[in-house]
Amino acid sequence: MNFEKLVALTLSVSCAFAAVGVWRDRAQDAPRGGAMPGAAAPSLSRAWAAPTADLVVLSVDGMILEGDGGGGLSGGKASSRSLTKAIARLREDPPKALLIRINSPGGSAAASQAIYDELMRLKREKGVKIVVSMGDVCASGGYMIAAAADRIVANPATLTGSIGVIMHLANYEGLMGKVGVRSVTIKAGRLKDIASPDRTMRPEERRLLQGIVDDTYALFLDAVAKGRGWPLDKVRALAEGRIYTGRQAKELGLVDGLGNFEVAKDEARRVARLPKDTEAEELDGDDWQQLWKLLAVRSDLVSNVARGNPALASRLYDRVPLMLLE
């Protein structure tokens, strides 16, 4: 191993230990607004603190599900736990506007509701203006989240709506009979084997499950009605699980404007009364993902220092300050 690789590896490992220690003490993160005169360079804890921009961008990309796995805030799964954590962090020192980029077909009703509730809380308690930019798809639970916004911007060809609830169940009874397989169930509780796939559903069970779906649907309608400021009857007339293009949704009032992400960014600046040149800062709530990115960039910085490129090293230091190099 040559000297350059040894230095990069040593500092990367040191970064990891320093970062874990700082992560544990995140409650002491520096406040928004920059360092005090004469203070040292920002630390990793500052990098993990709430964004310092007046306009913050949050991405909801993929299926909306519970938990921390998948892609964090993007990458195939929108984790409600990571998203609600990121939104809650904004309440500590709120921006003036939050721009949410949604590209999701929906997912878990409970996970979508959790994100919606956190956004409504951010608006109610901190007065943050919220604008949504719809991507290819913003349907079902994706639209529930969008309904929390002050303004919704969709592309004309966006697929949106799908305000409804569905429960998929399978029945293998006929197939099992053909291949000679029998299922034996031992239970305590009359309805414990509800929706069992190896027998025909009983009318009582169907009524119970239909009640659950109907109640979840009522919650969905109520969320959209509150978010859009509409009476329930108006929401119900546009719901029924139907999907719309962005242009159709604009005509029906489900979205407020048409345009791409840049148009939505301008709209966020407008509703928050921000200057037209206000920069947007990406928000990422997956701490370990951030740590990995920081270590990768820092390792690259060390390699460039070893190659005698101090200009690039200085630029990277400004972008990704680490306590290790203070």
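Guide: Welcome! A word on classes to begin: Ala, Val, Leu, Ile, Met, Phe, Trp, Tyr, Cys and Pro count as nonpolar, Asp, Glu, Lys and Arg as charged, and the others, Gly among them, as polar. Please keep in mind that this is a predicted model.

Visitor: How many nonpolar, polar and charged residues are in the lining of the second largest pocket?

Guide: That lining has 6 nonpolar and 11 polar residues, and no charged ones.

Visitor: How is such a space found, and which residues lie nearest the centre of the second largest pocket?

Guide: Rolling a probe the size of a water molecule over the atoms shows where empty space is left. Here, the second largest pocket holds about 270 Å³ of space. Its lining is made of 17 residues, and Gly 107, Ser 140, Gly 164, Val 165 and Ile 166 lie nearest the centre. Helix H4 (109–126), helix H5 (141–146) and helix H7 (203–228) are the elements that each give two or more residues to this lining.

Visitor: Let me turn to charges. How many salt bridges does the structure hold?

Guide: Side chains of opposite charge can pair when their charged atoms come close. This structure holds 19 salt bridges. In one of them, Arg 121 meets Glu 125 at 3.0 Å, N to O. Both residues belong to helix H4 and are 4 residues apart, about one turn of the helix.

Visitor: Why does Arg 121 count as partly exposed?

Guide: Arg 121 counts as partly exposed because its relative accessibility is 31%. Glu 125 is also classed as partly exposed, because its value is 43%.

Visitor: And are Arg 199 and Asp 193 buried or exposed?

Guide: Both are buried. Arg 199 and Asp 193 form a salt bridge, with their closest N and O atoms 3.3 Å apart.

Visitor: What about Glu 262 and Lys 265?

Guide: They form a salt bridge too, with 3.4 Å between the closest N and O atoms. Glu 262 and Lys 265 are 3 residues apart in helix H10 (residues 261–271), so about one helical turn separates them. Lys 265 counts as buried because its relative accessibility is 14%, whereas Glu 262, at 43%, is partly exposed. Elsewhere, salt bridges with shared partners join Lys 187, Asp 193, Arg 199, Arg 202 and Glu 205 into one network.

Visitor: Finally, rings. How many aromatic pairs does the structure hold?

Guide: A pair of aromatic rings is described by the distance of the centres and the angle of the planes. In this structure there are 0 aromatic pairs.

Visitor: Which ring does the charged end of Lys 234 sit over?

Guide: The ring of Trp 230, at 4.2 Å from its centre. Likewise, Arg 101 lies over the face of Phe 261, 4.4 Å from the ring centre.

Key
Residues are numbered from 1 along each chain as its sequence is written. This is a predicted model: local features need pLDDT of at least 70, side-chain atom pairs count only at pLDDT 80 or more; totals for chains, interfaces and linings use all residues. Side-chain values use heavy atoms; hydrogens and water are left out. Rings of Phe, Tyr and Trp (its six-membered ring) pair if their centres lie within 6.5 Å; planes under 30 degrees apart count as stacked, over 60 as edge-to-face and the rest as tilted. A charge sits over a ring if NZ of Lys or CZ of Arg is within 6 Å of the ring centre and within 35 degrees of the ring normal. On a 1 Å grid over the protein atoms alone, a cavity is a set of points where a 1.4 Å probe fits but cannot get out, and a pocket is an open set with protein on both sides within 12 Å along at least five of seven lines; lining residues have an atom within 4 Å of a point. Grid points are joined across faces, edges and corners, and a volume is the space filled by probe spheres set on the points. A salt bridge is a side-chain nitrogen of Lys or Arg within 4 Å of a carboxyl oxygen of Asp or Glu. Buried means under 20% relative accessible area, exposed over 50%, partly exposed in between (1.4 Å probe, protein chains only).
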